[in-house]
Amino acid sequence: MRKKALLSFVVFGLASLGMVVYFSGCMSSAGRYSSLPSVNYSYPGLADESGISGELFQIEEDEVWVIAKAQKVQAGHSEKDEPGSGSMMVVVPGQEKEIPLPLKHTEVSGKVVGYIASVEVSQQFENPYDTKIEASYVFPLPQNSAVNEFIMTVGDRKIRGIIREREEAEKIYAEAKRQGYRAALMTQERPNIFTQKVANIEPGKAIDINIKYFNTLTYRDGWYEFAFPMVVGPRYNPPGSTDGVGAVPHGKGGSSEQKTEVQYLKPGQRSGHDIGLTVAIDAGVAIEEMICNSHVIKTEKVRPEKVVVKLSKRDSIPNKDFVLRYKVAGDKMKSGLVTHTDERGGYFTMMLYPPASLNSLKKAPMELIFVLDCSGSMNGKPMELSKKAMKRALRKLSQGDTFQVIRFSSKASKLGRNPVLATAKNIRRGLAFVDKLRGDGGTQMIEGIKAALDFKHDPKRLRVVSFMTDGYIGNESQILAAIHEKLGAARIFSFGVGSSPNYYLLDRMAWMGNGAVARIGLDDSTADAVDGFYDAISHPALTDIQIDWGGMEVSEVYPGRMRDLIVGRPVILTGRFKGTPGAVKVNGRAGQVDQRYTVPLSSDSIGEHKGIACVWARMKIADMNNQLTYDKTGEIPGMIKDVALEYGLMSAYTAFLAVDSSQKTAGDHGISVAVPVPVPDGVRYDTTVQ
Amino acid sequence: MKKFSVISMLTHASKVDFQIENQSLRCGKQASKIFKTLASMLAMMVAVAAWADTPEKGDRYETPTIPPMRFETLGIYIDAGDKPLAAYQFELTTSRGDVKIVGIEGGQGVFSKPPYYDPAAMKQDRVKVGAFSLADELPTGKVKVAVLHVVVSGDLEPEYAVKLTTAASKDGEKIEAEVRLGI
């Protein structure tokens with residue numbers, strides 16, 4: 001009772017201060033676990049996020065499930081690293097020697113309620129040298145993460161970072177560093193790539209950085225996907241570019257001449273940096289099945305709808321995305337609509353499902369264009385997986401469809417001049433073409449885009465373009481602009497192949513192309529990915545969607561351009577509202593047929609979440625970022641900055657800054673040390689790092 | 001600038017070297033060698049002195065294009081008398097000087113966690129900070145609730161003012177309290 005009264009006060013007095021209270025989901029029947037399909041086909045562009053905080057669940061039962069995967073050989077011995085350029089664990093046969101790095105450990109703690117995740121990431125920096133250092137670390141986060149909290153910990157003191165205009169924050173940080181104050185700065189290089197700088201770490205001393213973000217999970221056919229990226233893959237930057245993300249050997253900082261640069265450990269070297277991860281899931285309805293193909297995990301079942309998942313200590317090298325999928329009871333989640341109201345007004349997020357009637361409608365003839373990335377980074381297992389997936393896709397072609405196969409690396413080439421009919425003979429030709437493909441050279445994705453979209457469209461067919469790539473490029477905006485320019489009536493489906501694909505690029509490509517994105521991890525089933533793709537394209541999408549919001553008066557709904565609804569793939573909408581949520585009516589067209597259906601919103605399907613305002617603001621920023629790819633009027637960056645500052649969010653134009661002004665450290669600020677990272681699991685160093 | 005000076009010195013030293021060499025034609029080889037050696041040493045000493053005066057790489061700092069900055073801390077204290085303090089919100093204003101918040105730290109005891117701030121207000125150059133505690137044992141009397149880390153730009157000495165927007169008890173009831181700035 002007392003707590004309730006105090007919380008009421010907080011909502012009254014401090015709602016705008018970002019204080020958050022988590023909401024509880026609904027619950028139901030007992031669960032069952034089994035083996036499952038692996039690839040979760042997700043809807044892109046649903047991007048988004050919001051905010052909560054809270055503790056992990058109290059464990060009420062002590063049931064432990066261990067879902068193990070085949071163990072891989074860990075990195076072996078290494079040569080000694082040069083001092084002052086980062087720490088690493090050097091393992092020599094018969095002898096182990098550890099040279100510490102400034103980044104010791106990353107601890108990730110997530111909490112999922114319904115389809116909204118709040119995740120706290122703690123990066124623990126420590127100075128092993130005899131001089132002061134500035135540590136610099138380029139790291140990934142999910143592409144739809146709304147980072148809204150930043151805390152620098154010095155000893156037992158915690159200093160909350162402030163969101164500021166990026167340029168201003170960079171200047172203040174540089175000055176604080178120069179004057180000897182402990183300071184931290186976090187900037188965004190891409191929606192999924194960030195740089196952390198921590199200045200004036202004294203010898204033997206530690207500084208922790210804690211950040212918090214919210215994001216929405218992806219969902220398809222009852223399967224949720226919680227993903228946490230652990231390493232930035234080595235990007236290819238076209239000649240002449242300087243705004244990319246360079247990939248250089250450890251100790252060769254600055255050699256890429258790119259604005260952002262990642263230093264990679266050589267094969268056989270191993271960083272002493274490790275990672276721990278825990279995620280507590282409250283699905284609201286019973287969790288029936290759960291799988292993690294990427295990592296070895298332990299799960300503790302708290303209740304049928306609540307599970308705590310922990311990353312095994314045996315799998316603590318941060319060199320691949322953590323991808324957890326789980327299936328809930330029934331075919332829809334319980335809290336379809338989540339709202340929050342404070343002094344700024346009402347916010348909502350809704351997961352809108354396609355009508356069941358789509359499943360019974362037949363597709364129109366298609367023109368399928370398969371585009372395979374054959375660059376050096378795909379060499380090895382990613383290429384094997386892609387070829388396997390593509391061959392399955394070719395074998396599933398229907399009579400009456402046409403198809404084309406395009407490969408690209410430094411240049412693009414294709415099966416034939418024009419798409420050909422899916423006859424048995426042509427499919428055999430396609431299979432033989434795919435068999436011969438090898439990974440080598442640069443990633444001139446623009447050549448693949450041109451080859452896939454730059455030829456005359458057959459008006460009798462729906463053009464579906466399927467990209468299979470790791471997305472390791474540094475010129476994402478150029479690629480997205482080209483897609484916007486050349487897309488026409490095509491629909492794009494992208495497959496992120498490998499252990500740590502560039503999901504930002506893949507998600508945006510599919511979003512622009514009104515399609516969907518899927519992962520094919522190193523241990524995922526290509527068959528499931530391809531079958532999911534065919535399920536999606538085998539029925540017409542619901543287009544020209546109009547929504548009657550009933551008792552809700554809505555405004556500023558994002559994404560600004562309503563997506564088509566594809567079978568099995570809901571879309572997340574977020575907006576401002578007044579009034580009372582009730583039934584929502586959806587009108588659209590599937591092929592030539594009008595479709596109407598109602599989404600009932602009872603109290604059972606409405607949740608409350610303080611972080612929804614953050615989700616909304618982040619999705620608004622994502623929408624404006626999309627506009628930036630084709631609207632260069634110059635006003636959009638300022639608009640993004642305004643929204644980010646008002647809601648305390650990270651963006652390309654804002655940065656988190658924390659300075660401990662209570663005490664100057666002695667002497668010069670010392671040397672800058674970049675934290676080197678391993679190349680992602682399955683990626684070859686020799687074909688990717690310059 | 002420093003680099004340019006060093007290059008000038010070295011160029012000058014070469015000229016001296018050349019003149020000495022001409023003299024050697026008149027005064028003999030041995031004298032020439034001595035002069036030559038001395039001149040070379042002098043040139044090297046000048047160059048080394050010039051380099052030594054140049055800051056090390058880590059120290060090198062161009063004259064900032066931004067106004068001079070200094071960093072300060074401000075302690076915020078709330079005194080609610082004999083009433084236990086469970087929650088508060090205050091607003092910091094400056095009537096003079098260019099001040100920006102660069103970090104917010106907690107205070108004592110139950111208020112040691114870093115408080116929250118209102119980003120929308122911060123965007124308008126207003127600093128609203130608040131926190132609450134659900135602890136059973138709440139502080140009474142004067143308590144340090146927050147430390148603000150600030151950067152001051154320019155020569156003006158800032159004048160701060162802090163206003164308590166609200167203070168509340170465990171039951172969520174508003175209580176009378178005073179807020180003060182300190183160290």
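This is a predicted model: local features need pLDDT of at least 70, side-chain atom pairs count only at pLDDT 80 or more; totals for chains, interfaces and linings use all residues.

Student: Why is S466(A) called buried?

Tutor: Its relative accessibility is 1%, and buried means under 20% relative accessible area, so S466(A) counts as buried. The residue lies in strand β29 of chain A, which covers residues 462-469. Leaving aside neighbours within four places in sequence, S466(A) is in contact with I369(A), F370(A), V371(A), F493(A), F495(A) and F533(A).

Student: What makes P158(B) buried or exposed?

Tutor: The relative accessible area of P158(B) is 8%, and the cut-off for buried is under 20%, so P158(B) is buried. This residue is found in the loop between β6 (142-153) and β7 of chain B. If we do not count residues up to four places away in sequence, P158(B) touches R70(B), R96(B), G97(B), V99(B) and V152(B). The C-alpha atoms of P158(B) and T94(B) are separated by 6.5 Å, although the two residues are 64 apart along the chain.

Student: Why are α3(A) and α4(A) called roughly antiparallel?

Tutor: Their axes cross at roughly 175 degrees and come within 10 Å, where α4 of chain A covers residues 424-435. Angles over 145 degrees count as roughly antiparallel, and therefore α3(A) is roughly antiparallel to α4(A). On the α3(A) side the contact is made by K387(A), M390(A), K391(A), L394(A) and R395(A), and on the α4(A) side by I427(A), G430(A), L431(A), V434(A) and D435(A).

Student: What makes α9(A) and α10(A) roughly antiparallel?

Tutor: These helices pack at an angle of about 170 degrees, with their axes 10 Å apart, and α10 of chain A covers residues 636-647. With over 145 degrees as the cut-off, the conclusion is that α9(A) is roughly antiparallel to α10(A). The residues of α9(A) that meet α10(A) include A613(A), W616(A), A617(A) and K620(A), and their partners in α10(A) include I636(A), M639(A), I640(A) and V643(A).

Student: Which residues touch the most other members of the largest nonpolar core?

Tutor: In that core of 123 residues, they are F228(A) and F322(A). Helix α9 of chain A, residues 612-628, gives the largest share of the core, with 10 residues. A second, separate core has 40 residues, including L397(A), M468(A), A516(A) and A536(A).

Student: Which residues does F228(A) touch?

Tutor: Not counting residues up to four places away in sequence, F228(A) touches V108(A), V121(A), L141(A), Y213(A), I275(A), L277(A), K320(A), D321(A) and F322(A).

Student: Why are β4(B) and β7(B) called edge strands?

Tutor: The open sheet has 4 strands in the order β4-β5-β2-β7 of chain B, with antiparallel pairing. The strands β4 (116-117) and β7 (159-168) each pair on one side only, and they are the edge strands.

Student: How do you know that β2(B) and β7(B) are paired?

Tutor: Two strands pair if there are at least two bridges between them, and 9 bridges join β2 (residues 87-96) to β7(B), which run antiparallel. For example, the bridge partner of F90(B) in β7(B) is L164(B).

Student: What makes β1(B) mostly covered, and which strands does it pair with?

Tutor: Strand β1 of chain B, residues 69-79, has 8 of its 11 residues buried. With at least two bridges as the requirement, β1(B) pairs with β6(B) over 11 bridges in the antiparallel sense, and G75(B) stands opposite V147(B) in β6(B). β1(B) also pairs with β8(B), residues 178-182, in the antiparallel sense over 5 bridges, and here I76(B) stands opposite L181(B).

Student: How many helices and strands does chain B have?

Tutor: Chain B has 3 helices and 8 strands, and of its 183 residues 40% count as buried.

Definitions and conventions
Residues are numbered from 1 along each chain as its sequence is written. Chains are lettered from A and ligands numbered from 1 in the order in which they are written. Side-chain values use heavy atoms; hydrogens and water are left out. Helices (H or I, at least four residues) and strands (E, at least two) are DSSP runs, numbered from the N terminus. Buried means under 20% relative accessible area, exposed over 50%, partly exposed in between (1.4 Å probe, protein chains only). Contact means heavy atoms within 4.5 Å. A nonpolar core is a set of buried Ala, Val, Leu, Ile, Met, Phe, Trp, Tyr and Cys residues joined through side-chain atoms within 4.5 Å. Axes are lines fitted to C-alpha atoms, for helices over the stretch in contact, and angles run from 0 to 180 degrees between N-to-C directions. Angles under 35 degrees count as roughly parallel, over 145 as roughly antiparallel, 65 to 115 as roughly perpendicular and the rest as oblique.
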